[in-house]
Amino acid sequence: MNQHAPTSTKELYTHCVLGTYGRFDLQLARGEGAFVWDESGKKYLDFGAGIAVCSLGHCHPEVTRAVVAQASTLVHTSNLYYTRPQAELASLLVSRVGDGRVFFCNSGAEANEGLIKLSRKFGAATGDRHEVITFLGSFHGRTMTGISATGQEKVKTGFAPLLEGFRHVPFGDLEATESAITPATVAILVEPVQGEGGIHIASREFLQGLRALCDKHNLLLLFDEIQCGLGRTGDWCGWRTIAGTDAEPDAVSWAKGIANGFPLGAFWVRDKAFAGTGGEVRLPSLLGPGSHGTTYGGNAVTCAAGLAVFSIIERENLLLHAKETGASLAKKIRAIGSPLVKEVRQIGLMVGIEILPSLMDLPADAPLPSIVATLEAMQQGILVIPAGEKVIRLLPPLNIRETEIQEAVEKLAAVFRSLETRSSGTSAS
Ligand SMILES: *Cc1c(COP(=O)(O)O)cnc(C)c1O
């Protein structure tokens, strides 16, 4: 081991990077649009886009130019001062979502942290309440707050004691949600489309019902749009793709697609008045000076990237493009007609393919079926993202071209064919 210093990227990781990820054996060196290249020069069609992050594809030249220009002007100031890019990005978000105020941070988990801190303040101002209802199969990030909010046991193992004050109920079940409301409940936090959970799309009735429950019990309706927000579903607001304007939230968290890969998260708080114990409470004023903060969040460079993303999506009409292209992608995958495909769930350019593992004939020691399918896709030259045990997710850039959709469908057809023809005894790993 000491005779030769580790040289390959993978070896350096093995020795020096914590093994919190079961990484795929792929050392990526370069990206352009919907394609990435590994260190040996092999090309892959990237239908994961860094988990719904690179909404305009890799290294979009206009985003790069905006970042370079800002990086040569002013990179970082802290939030003790005002900077123009943060002001303009906040104003754009407010103009598309509704009157309110935005806080910028660095990641999705931090954006959700902000939503939970907001609900604690709201609970204190409107009675002695602190409990937040979230849903089974949800994913809200990896901080202690994030894993406490998440309705999946696997992220919590070994981290007790968790943050208290979360109750998890089945996604889509309004009755169970109402039954879980107690005098201590202060908010409901939900992903309008569960992403990590396997692309489960809330129904219009469910979102409207949650809004009604919140109105009835004086609760905050919080949407985690970290994966489904900012264009992915074919609208700036994922919930509006589902429910129009009939289920408007009180606060929303974003990250992933907001800056095409530069680390930026945000949450928005509606300008709305509630009855408090000491008189009227305006929601944004609950987070006044000294109540919350971040050193880097909303840094001028990440916000300049966010501004470029915003203007390209609007100028190129990519919301409509995502809506139409997503529908046609799902249709083409269904048309492959593979018996392995149990269901294709789709909203905009979020597509979940649920596979039938019973038809895959996997040996007992094989990895999860979603991983086996992802590995086979890599073999065929396309990157997809596993979600849970049985689902692979397609989250291509919003500006994906028709030729690339066609290429993806051909590659996926080859993936299904290969998985169908595997027989017992063939090693899947
Ligand atoms: C990715 C994700 C998060 C966590 O975001 P990070 O940037 O990884 O902290 C939270 N919620 C949802 C819905 C996500 O998809």
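## Cysteines

In this predicted model, a search of the whole structure finds 0 disulfides. A disulfide is a covalent bond between the sulfur atoms of two cysteines. Cysteine 54 takes part in no disulfide, and the nearest cysteine sulfur, in cysteine 59, is 8.1 Å away. Cysteine 54 counts as buried because its relative accessibility is 11%, under the 20% limit.

With a relative accessibility of 1%, cysteine 214 counts as buried.

## Aromatic pairs

The structure has 7 aromatic pairs. One of them joins phenylalanine 135 and phenylalanine 206 in an edge-to-face arrangement, with 5.4 Å from centre to centre and 80° between the planes. This pair links distant parts of the chain, 71 residues apart: phenylalanine 135 belongs to strand E5 (residues 131-135), and phenylalanine 206 to helix H8 (residues 204-217). Phenylalanine 135 is buried, at 1% relative accessible area, and phenylalanine 206 counts as buried at 2%.

Tryptophan 236 and phenylalanine 310 form a stacked pair, with centres 4.1 Å apart and planes at 15°.

## An open sheet of four strands

Strands E1, E2, E3 and E17 make up an open sheet in the order E1-E2-E3-E17, and their pairing is mixed. Strand E1 (28-32) and strand E17 (382-383) are at the edges; each has a single partner strand, so one side of each lacks a neighbour in the sheet. Helix H13 (residues 402-420) packs on this sheet and touches E2, strand E3 (43-46) and E17. The direction of H13 makes about 105° with that of E3.

E1 and strand E2 (residues 35-38) run antiparallel and are joined by 4 bridges. Arginine 30 is opposite tryptophan 37 in E2.

## Charges over rings

Arginine 30 and tryptophan 37 meet in another way as well: the arginine lies over the face of the tryptophan, 4.0 Å from the ring centre. Lysine 43 has its charged end over the ring of phenylalanine 35, at 4.3 Å from the centre of that ring.

Methods: Residues are numbered from 1 along each chain as its sequence is written. This is a predicted model: local features need pLDDT of at least 70, side-chain atom pairs count only at pLDDT 80 or more; totals for chains, interfaces and linings use all residues. Side-chain values use heavy atoms; hydrogens and water are left out. Two strands pair if DSSP finds at least two bridges between them. Helices (H or I, at least four residues) and strands (E, at least two) are DSSP runs, numbered from the N terminus. Contact means heavy atoms within 4.5 Å. Axes are lines fitted to C-alpha atoms, for helices over the stretch in contact, and angles run from 0 to 180 degrees between N-to-C directions. A disulfide is a pair of cysteine sulfur atoms within 2.5 Å. Buried means under 20% relative accessible area, exposed over 50%, partly exposed in between (1.4 Å probe, protein chains only). Rings of Phe, Tyr and Trp (its six-membered ring) pair if their centres lie within 6.5 Å; planes under 30 degrees apart count as stacked, over 60 as edge-to-face and the rest as tilted. A charge sits over a ring if NZ of Lys or CZ of Arg is within 6 Å of the ring centre and within 35 degrees of the ring normal.
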